[in-house]
Amino acid sequence: MTVMSHLFYQSRQPRPTLDYGKGIYLYDTDGKRYIDGSSGAMVSNIGHSNPRVLDAMKAQMDKATFGYRLHFQTEPSERLAAKTAALMPKGLDRVFFVSGGSEAVESAIKMARQYALTQGQDSRWKVISRHPSYHGSTLGALALTGYDPLTKPFAPMMREMPKIAAPTCYLDTDNLDDDQRGLKYAEMLREEIIAQGPESVLAFIMEPVGGASTGALVAPDSYYARIREICDEFGILLIYDEVMTGAGRTGKFIAAEHWGITPDIIALSKGFAAGYAPLGAMVARGDMVEAVLDAGGFLHGYTYAGNPLACAAGCAVLDEIASQDLVGNSAAMGDLLKARLTGLMDRFPFIGDVRGLGLLLAFELVSDRKTMAPLPKELNAYNRLVDLAYERGLIIYSRRTRGGLEGDHFLVAPPLIVTEAQIDEIMATLTDSLEAMA
Ligand code: PLP
């Protein structure tokens with residue numbers, strides 16, 4: 001195991017050195033094989049070393065790897081914008097490329113603000129988001145993020161943005177049915193808008209299915225439609241952060257399709273170039289973009305935006321998703337994997353909940369399934385189970401957060417190319433890891 005002395009990330013914990021990847025597997029330099037059970041951080045949607053993508057990148061490399069966006073349009077970026085727009089809800093047909101999810105979110109809120117200015121709505125600047133949530137690590141996106149361990153140290157450096165509770169219905173003890181619960185949580189947005197003063201609110205941003213912050217949290221159907229209605233009632237823009245949920249992860253190309261919702265802006269990244277290049281996109285309503293361009297232009301941009309190599313990768317990724325029907329496979333394998341994870345609840349009483357959509361799935365560990373009381377923090381379950389699985393050659397992703405409380409949840413989100421036999425393999429290793437923890 002190599003410990004690099006100059007490179008640093010979050011902690012001092014050393015990790016094996018990655019050698020290569022193939023399909024859903026990764027191999028370290030000692031030859032050990034890992035199942036990429038979380039697609040990295042829900043990124044590698046089409047698996048590793050896909051020949052179509054590698055060939056497309058090599059071909060583009062022979063032509064040009066950079067052309068500054070203010071000097072040139074490039075063929076791959078034009079092509080990717082057209083492909084992306086064709087996959088979005090009607091009306092969302094203008095695409096702005098970036099290099100990652102945080103940049104996509106920053107771009108979304110700045111587009112929203114500039115559009116409001118074109119409408120004479122200078123007073124609108126607050127972006128309401130949810131708690132818990134994750135929207136990125138740059139200071140603008142972090143201000144929208146509802147995850148205290150990450151935000152608190154930087155609070156004095158950020159403009160505080162209003163938050164409402166994420167719809168953690170599975171923790172509720174009231175007697176409401178699903179539909180009523182969805183409406184209850186949506187109503188919190190209406191109340192917050194009124195409390196803030198509607199004329200000051202610019203946008204509401206949400207992850208349609210929660211990611212790392214909530215562990216694949218899905219709201220009742222009623223929530224999504226009601227949120228759209230509330231935004232419309234007050235003239236507030238609705239931003240879907242589909243950085244994790246986009247590109248087929250939940251069994252539709254974007255999660256918004258599950259509920260037939262048309263947001264005003266969508267942020268994409270992660271599976272969009274599936275780890276082959278740093279790429280993200282902000283997709284906005286055409287009329288909004290036209291208004292901003294008419295008013296002098298979008299006052300925002302990144303040097304690497306629209307990079308032709310990244311866009312060539314993105315085009316090939318979208319082609320692969322379409323030609324292999326990976327969205328369909330995500331839905332089918334997601335149903336299978338969710339049923340198998342749910343089956344673990346019979347064997348392990350400390351699994352309190354299994355949730356998610358498509359191949360964005362999670363399970364949560366509790367000390368009491370009836371009360372959903374979390375495991376004691378000292379057990380360090382969220383690290384222990386990840387380590388036990390890692391030792392056995394399975395990568396899963398964990399966090400200790402839920403609602404305003406703490407709880408250990410684990411994301412299981414393999415590449416969308418996963419087969420039934422590979423799901424058996426994931427389940428066997430996971431079961432063995434849970435046995436070791438029990
Ligand atoms: N938004 C969501 C929903 C995410 O899950 C993430 C990353 O996990 C981001 C934004 C930030 O993306 P990035 O890490 O590429 O900047």
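Asp241 has Ala267 of strand S9 as its bridge partner in this predicted model. The two strands involved are S8 (residues 237-241) and S9 (residues 265-268). They pair in the parallel sense, over 3 bridges.

Both belong to an open sheet of 7 strands. Its order runs S4-S10-S9-S8-S7-S5-S6, and the pairing is mixed. The edges are taken by S4 (92-98) and S6 (163-165). Each has a single partner strand, so one side of each is left without a neighbour in the sheet. On average, neighbouring strands are turned by 25° against each other, direction ignored.

Helices pack on this sheet. H3 touches S4 and S10 (280-285), and its direction makes about 135° with that of S4. Helix H9 (residues 286-294) also touches S4 and S10. The direction of H9 makes about 90° with that of S10.

H3 (75-86) leads on to helix H2, whose buried residues pack against H3 and against helix H10 (308-323). Which residues of H2 (residues 51-61) are buried? They are Val53, Ala56 and Gln60. These cover an arc of only 65° around the axis, which puts them on the same side of H2.

Now the ligand. There are 15 residues around it, and Gly100, Gly101, Ser102, Gly136 and Val243 come nearest. Helix H4 (residues 101-118) gives the most to this shell, with 3 residues.

Terms used
Residues numbered from 1 in each chain as written. Predicted model: local features only at pLDDT ≥ 70, side-chain atom pairs only at ≥ 80, totals over all residues. Near = placed C-beta within 6 Å. Helix = DSSP H or I, 4+ residues; strand = E, 2+ residues; numbered from the N terminus. Buried ≥ 20, exposed ≤ 12 C-beta atoms within 10 Å, placed from the backbone. Arc of directions from axis to C-beta. Contact = placed C-beta atoms within 7 Å. Pairing = 2+ DSSP bridges. Axes fitted to C-alpha atoms, helices over the stretch in contact; angles between N-to-C directions.
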